[in-house]
Amino acid sequence: MLSISQKSKRKKRECFGDGLDTENTPHELIHQWSPPHKHRVVCKGKENEENQFVLARRPRKRREFSGLSWDTLPDELLLGILSCLPLQDLLRMSRVCKRWHRLAFDESLWHSVDLVGNPQLDQALGQVLTAGVLGLRCPRTCIGKPHFTHTRHLRVQHMDLSSCTVSTLFLDDIISRCRRLENLSLEGLELSDWILQSLSQNTELVRLNLCGCSGFSPDALGEMLKSCSRLEELNLSWCVFSTDHVKAVVSNIPSNITQLNLSGYRQNLTMEDLKDLVERCPHLVNLDLSDSVLMTTSSFPILQQLRSLRHLALSRCYQIHPAALADFEKFPELQTLEVYGLVQDTYLPILSKSLPRLQINTRPFSGVARPTEATRRDRAMWGMTCRLVFRS
């Protein structure tokens, strides 16, 4: 019969082989080297019912780290590193720990955000606006219910929501939180009187694009124009307007307007409205009256009172005879003239020769108050490039 110690030695030889350098540390030393807080683990088995043995683990030596750690870096340095990251990486970094989450959503990193390419914006839009962005670009997206984490006013100053799919209720929830807007585009959206009342609180508005909008009354439009007295560029083309809407515009528009698009009103814009407009806004530089069929050659002396007029659009004003366009030689400051639909291609060289100072039919689309001109393919917004860009 083999003793217990002989059985143990035999078992070790079977596991490791006779030729290997085995460690025969006594159990007493194992207990001595083990950490004091370690509890003895007593193992029992069928083959060891009468004898007990203890497993112990040697303590690991702590690695001595020399140099800097991420935890020792100040917030200012970490913010400088995070400012170099694209949007998706910045969001991933925010999940590392609570400190990085706080730094990743610092206002300095969220200066401007471009979310074009994200087809559905729900809570993400509210989180981005709550992060303190100054510029937001997300045209042609679907906006559900934005989730705002606080009731404070938003910091956003430049916002492009053109052609978005959004309900008037949620749009009003966004606009009502804004007080510092300077540039805003709501092109193609259905609005309401409540939304225009919320817009009235943004007295710093400089550019406003409401092209193709509907759903608001003449009174709400007039009150909004009275409040936004710093407007310089205004696009109200092709809205669902009546004659009362047009009169509300020409009666309340700020006098310091320099660029105005009132195209698309066919028989709702009269010669009397034009007289009131020119008298109220003498500093107009860019004026678009296209598709106003009541405009005749009698409008030329009225327009000539605009001493600063550089760009004029009278496209598809069919009561203006092409031969009468030669009278624009009397406009010494005029630089471009858009008369699409009035001049045939065969007559255009003759007209250009009679008006050598003017560029004729060079701008098929108006850029008044629009965030991005149709001829540009970059992702700029009123000349500003967003720092954080969504990449699908």
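Author: Before we start, a definition: buried means under 20% relative accessible area, exposed means over 50%, and partly exposed is in between, using a 1.4 Å probe and protein chains only. This is a predicted model, in which local features need pLDDT of at least 70, side-chain atom pairs count only at pLDDT 80 or more, and totals for chains, interfaces and linings use all residues. Residues are numbered from 1 along each chain as its sequence is written, and side-chain values use heavy atoms, with hydrogens and water left out.

Reader: OK, so what share of the 392 residues counts as buried?

Author: 43% of them. The accessible surface of the chain comes to about 22700 Å², with areas taken from the Shrake-Rupley method with a 1.4 Å probe, where for residues only the protein chains shown count as cover. Carbon and sulfur atoms hold 51% of that surface.

Reader: How many helices and strands does the chain have?

Author: 13 helices and 18 strands. Both are DSSP runs numbered from the N terminus: helices are H or I with at least four residues, strands are E with at least two.

Reader: And in what order do the strands of the open sheet run?

Author: The order of the 12 strands is S15-S14-S13-S12-S11-S10-S9-S8-S7-S5-S3-S18, with parallel pairing. Two strands pair if DSSP finds at least two bridges between them.

Reader: Which strands stand at the edges?

Author: S15 (359-360) and S18 (388-389). Each has a single partner strand, so one side of each has no neighbour in the sheet.

Reader: Pick a pair inside it. How many bridges join S8 to S9?

Author: Three, between S8 (residues 183-185) and S9 (residues 207-209), running parallel. Ser 185 sits opposite Asn 209 in S9.

Reader: Switching to the core. Which residues touch the most other members of the largest nonpolar core?

Author: Trp 110, Met 159, Leu 186, Leu 191, Leu 287 and Phe 328, out of 98 residues in that core. A nonpolar core here is a set of buried Ala, Val, Leu, Ile, Met, Phe, Trp, Tyr and Cys residues joined through side-chain atoms within 4.5 Å.

Reader: What does Met 159 touch?

Author: Leaving out residues up to four places away in sequence, Met 159 touches Leu 136, Ile 174, Ile 175, Cys 178, Leu 181, Asn 183, Leu 184, Ser 185 and Trp 382. Contact means heavy atoms within 4.5 Å. For the chain, 62% of the contacts with a separation of 6 or more are between residues 24 or more positions apart.

Reader: Salt bridges next. How many are there?

Author: The count comes to 13 salt bridges, where the rule is a side-chain nitrogen of Lys or Arg within 4 Å of a carboxyl oxygen of Asp or Glu. One of them joins Asp 75 and Arg 99, with the closest N and O atoms 2.8 Å apart. That pair links distant parts of the chain, with Asp 75 in helix H3 and Arg 99 in helix H5 (residues 98-104), 24 residues apart. Asp 75, Arg 99 and Arg 102 are linked in a network of salt bridges.

Reader: What about Asp 273, buried or exposed?

Author: Asp 273 is buried, at a relative accessible area of 2%. Its salt bridge partner is Lys 247, with 3.3 Å between the closest N and O atoms. Asp 273 lies in helix H11 and Lys 247 in helix H10 (residues 243-252), so the pair ties together parts 26 residues apart in sequence. Lys 247 is partly exposed at 41% relative accessibility.

Reader: Last one: which residues form the nonpolar patch on the surface?

Author: Trp 70, Leu 77 and Ile 81, with about 290 Å² of accessible area together. Patches are made of residues with over 30% relative accessible area and no salt bridge, with like charges joined within 9 Å and nonpolar side chains (Val, Leu, Ile, Met, Phe, Trp, Tyr) within 5 Å. Ile 81 is in helix H3 (residues 75-82) and is partly exposed, at 36%.
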